[in-house]
Amino acid sequence: MKKVLILLLALSLTGCSSTQPAATKGEVVDCAEVSHVAAKPGDTLLNCLTGSEKISVESLRGPLILNVWGSWCGPCADEMPYFVEFNNQAKGKVKLLGIAVEEAESQDSKDFIISNGMTWPNLYDAKGITRANFGMGVPVTWLIDKAGTVVYKHVGVINSTAELIELTEKYLKVSV
């Protein structure tokens, strides 16, 4: 009986081990490669998280997936592995851009980026000035075409990499 219990315990413990690869370390990336046009008066200007430049949310050009998140947001962390995997598959076809919102400190955003394996540029909205654009809650994901038109708005969690690929193909007309 003891041997059976020990065997069952050993099997249950090994069954809990993760088969997922270890998360890759993220990087706070400069916004120099973000496609945008000149800002107009009244545009919503945000600093790049690296502090390099201000970019108008209204001036963004795609094909681009814009994801609004917060380090304090559990669902944002839940969906981030799908964005990381999508970014690895879509390099050169579709760009990603994040907006960190309502963070107590910019370092909180940077720590989130590094710990979640994010390797794309992020803007910083410490005061929530983008609420008029994106609404009150996060996560929010927009798909923006080459002309700068928001062709799709998704409020809530993205549930898989396949969902991001499907949305990209349907709304941005880009195969990933």
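Start by selecting Leu143, which is buried, with a relative accessible area of 1%. Buried means under 20% relative accessible area and exposed over 50%, with partly exposed in between (1.4 Å probe, protein chains only). Residues are numbered from 1 along each chain as its sequence is written, and side-chain values use heavy atoms, without hydrogens or water. This is a predicted model: local features need pLDDT of at least 70, side-chain atom pairs count only at pLDDT 80 or more, and totals for chains, interfaces and linings use all residues.

**Around Leu143.** Leu143 sits in strand β6. Strands (E, at least two residues) and helices (H or I, at least four) are DSSP runs, numbered from the N terminus. Leu143 and Leu66 are 77 residues apart in sequence, yet 6.3 Å apart in space, C-alpha to C-alpha. Next, show the contacts of Leu143 (heavy atoms within 4.5 Å). Not counting residues up to four places away in sequence, they include Ile65, Tyr152, Leu167 and Leu172.

**The core.** Select Ile65 and Ile99. Of the 44 residues in the largest nonpolar core, these two touch the most other members. Such a core is a set of buried Ala, Val, Leu, Ile, Met, Phe, Trp, Tyr and Cys residues joined through side-chain atoms within 4.5 Å. Colour α2 (74-90): α2 gives the most to this core, with six residues. In soluble globular proteins, nonpolar side chains tend to be buried together. Zoom in on Ile65. Among the residues that Ile65 touches, not counting those up to four places away in sequence, are Phe83, Phe86, Trp142, Leu143 and Leu164.

**Helix α5.** Move to α5 (161-172). α5 has 12 residues and reaches 16 Å from its first C-alpha to its last, close to the 16 Å expected at 1.5 Å a residue. That expected span is 1.5 Å times one less than the number of residues. Which residues of α5 are buried? Select Thr161, Leu164, Ile165, Leu167, Thr168 and Leu172. They lie on the same side of α5 because they cover an arc of only 165° around the axis. The arc is that of the directions from the helix axis to the C-beta atoms. Turn to the other side of α5: Ala162 and Glu166 are exposed there. What covers the buried residues of α5? The cover includes β3, α2, β6 and β7 (150-155).

**Last stop.** Select Lys173, which follows α5. Its phi is positive, near 60°.
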